[in-house]
Amino acid sequence: MNSRVRSVVTGVGGCLPPNIVSNSDLAQTVDTTDEWIIERTGIHSRRRAGDEQATSDLAVEAARVALAKAGRTASDVDLIIVATTTPDLTFPATATIVQRKLGAPPGIAFDVQAVCSGFVYALAVADSFVVRGLGKCALVIGAETMSRLMDWTDRGTCILFGDGAGAVVLEPRTGEGTTADRGILGFSLRADGTKQDLLYVDGGPSTTGTVGKLRMQGNQVFRHAVVNISEAVLAAIAIAEVSMAEVDWFIPHQANQRILEGVAKRLGIDGNRVISTVADHANTSAASIPLALSVGIEDGRIQPGQLLLLEAMGGGLTWGAVVLRL
Ligand code: COA
């Protein structure tokens with residue numbers, strides 16, 4: 001086997017705003033119940049950022065934790081990619097705001113917009129930079145204030161989403177070129193723009209001149225999620241040259257407990273190998289996977305050297321999967 005540079009996750013961090021919003025809290029303002037939300041989604045509560053907290057603030061907190069875990073400081077960071085669909089401003093990119101707030105030196109910084117698949121897309125993009133020597137200490141962050149996009153009169157959507165951020169530090173390491181190497185071993189990315197109407201925001205700078213609100217055909221999204229994700233996961237597994245049986249932890253995008261279980265079942269992944277945070281975090285869009293990863297690492301379930309399978313689907317539609325060894 002030939003040695004090969006891989007992008008290795010050396011630190012993971014998460015940030016959740018302190019304000020907890022329960023299902024019963026939402027039932028005060030929309031026609032819903034705690035029981036209905038739990039039965040259909042598995043969600044018990046979600047976090048909501050304070051008015052003074054921007055997406056970049058959550059991103060910076062998550063990044064600081066990830067850097068500390070990696071034994072790095074902001075001065076080491078030379079590449080920042082923020083996956084977000086709720087940027088602080090239309091421009092500049094939230095990544096450059098994070099760079100400034102962190103006090104990181106001039107380097108590469110940009111955002112990736114693939115909605116809930118954003119973190120999977122951003123990891124894949126970062127991998128391409130890192131293996132080419134364009135990032136010695138890269139921050140890949142999923143950060144969202146989804147509460148800002150909600151129509152609080154629409155019970156079909158406002159119950160589903162939450163705010164938060166998760167971050168990983170990626171660093172190049174030379175491996176043996178085998179599947180025992182630490183780092184990103186394979187990924188698959190997909191998009192189908194004909195499915196825009198299923199999940200989108202009805203505003204934007206070049207159309208309405210407003211931010212807009214999230215619109216969704218929930219049951220259609222549900223159907224596409226379970227079917228499409230499985231194909232992309234199998235493609236990523238094949239590219240990584242591993243088998244599903246070798247996967248230690250399945251870390252899906254946390255949209256809905258029923259989607260998560262449906263995908264795991266279809267892939268033959270046992271429930272006790274699935275990291276689920278949807279009960280407490282709800283759907284934090286691009287932040288959900290790194291947040292779930294940080295929870296699994298912090299509580300000791302996910303261990304260094306284990307094989308992880310990440311997957312997501314979101315507006316676009318976009319979807320994809322990443323296979324990595326921690
Ligand atoms: N409380 C009570 N009733 C609700 C409700 C709520 N929060 N939201 C919707 N309903 C009602 C609908 O109005 C509808 O009522 P009707 O039959 O009188 O018209 C009924 O429940 C069924 O609606 P439907 O949309 O078919 O329900 P569902 O079983 O598909 O569940 C979702 C709705 C949103 C929970 C589900 O479709 C879902 O989770 N989809 C995936 C969404 C997602 O994860 N999107 C993000 C992907 S990144």
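This is a predicted model: local features need pLDDT of at least 70, side-chain atom pairs count only at pLDDT 80 or more; totals for chains, interfaces and linings use all residues.
**Stop 1: the largest pocket**

Start by selecting Thr85, Thr86, Pro87, Gln113 and Leu149, the closest to the centre of the largest pocket among the 34 residues that line it. The space here comes to about 880 Å³. Now colour β5 (108–112) and β9 (199–201), which each bring at least two residues to the lining. β9 gives the most, with 3 residues. If you colour by class, you'll find 17 nonpolar, 14 polar and 3 charged residues around this pocket.

**Stop 2**

Next, pick Leu160, Met216, Gly218, Phe222 and Asn256. These lie nearest the centre of the second largest pocket, which has 31 lining residues. Two or more residues of that lining come from each of α2 (34–41), α6 (218–240), α7 (257–267) and β12 (307–314). Which element gives the most to this lining? Show α6, and you have it: this helix supplies 6 residues. The pocket holds about 560 Å³ of space, and its lining splits into 18 nonpolar, 8 polar and 5 charged residues. Here again, domain 1 and domain 2 each contribute at least three residues.

**Stop 3: a cavity, and a charge over a ring**

Select Arg48 and Trp152 and show their side chains. The charged end of Arg48 sits over the ring of Trp152, 4.3 Å from the ring's centre.

**Stop 4: an aromatic pair**

How many aromatic pairs does the structure hold? There is 1, so select Phe110 and Phe129 to see the two rings, which are tilted at 40° between the planes and sit 5.7 Å apart, centre to centre. Phe110 is in strand β5 and Phe129 in helix α5 (residues 118–131), so the pair links parts of the chain 19 residues apart.

**Stop 5: two cis peptide bonds**

Switch to the backbone now. Most peptide bonds are trans. Zoom in on Phe91 and Pro92, though, and the bond between them is cis, with omega near 5°. Pro92 lies in the loop between β4 (79–83) and α4 (94–102). Then jump to Gly316 and Leu317, which are also joined by a cis peptide bond, with omega about -10°. Look for Leu317 in the loop between β12 and β13 (318–325).

**Stop 6: positive phi in one loop**

Finish at the loop between α8 (278–281) and α9 (288–298), where you'll find Ala282. Its phi is near 60°, a positive value in a residue other than glycine. Ala282 is buried, because its relative accessible area is 0%. Ser285 lies in the loop between α8 and α9 too, and has a positive phi of about 55°. At 1% relative accessibility, Ser285 also counts as buried.

Methods:
Residues are numbered from 1 along each chain as its sequence is written. Side-chain values use heavy atoms; hydrogens and water are left out. On a 1 Å grid over the protein atoms alone, a cavity is a set of points where a 1.4 Å probe fits but cannot get out, and a pocket is an open set with protein on both sides within 12 Å along at least five of seven lines; lining residues have an atom within 4 Å of a point. Grid points are joined across faces, edges and corners, and a volume is the space filled by probe spheres set on the points. Helices (H or I, at least four residues) and strands (E, at least two) are DSSP runs, numbered from the N terminus. Ala, Val, Leu, Ile, Met, Phe, Trp, Tyr, Cys and Pro count as nonpolar, Asp, Glu, Lys and Arg as charged, and the others, Gly among them, as polar. Domain bounds come from an automatic or database domain assignment. Rings of Phe, Tyr and Trp (its six-membered ring) pair if their centres lie within 6.5 Å; planes under 30 degrees apart count as stacked, over 60 as edge-to-face and the rest as tilted. A charge sits over a ring if NZ of Lys or CZ of Arg is within 6 Å of the ring centre and within 35 degrees of the ring normal. Buried means under 20% relative accessible area, exposed over 50%, partly exposed in between (1.4 Å probe, protein chains only).
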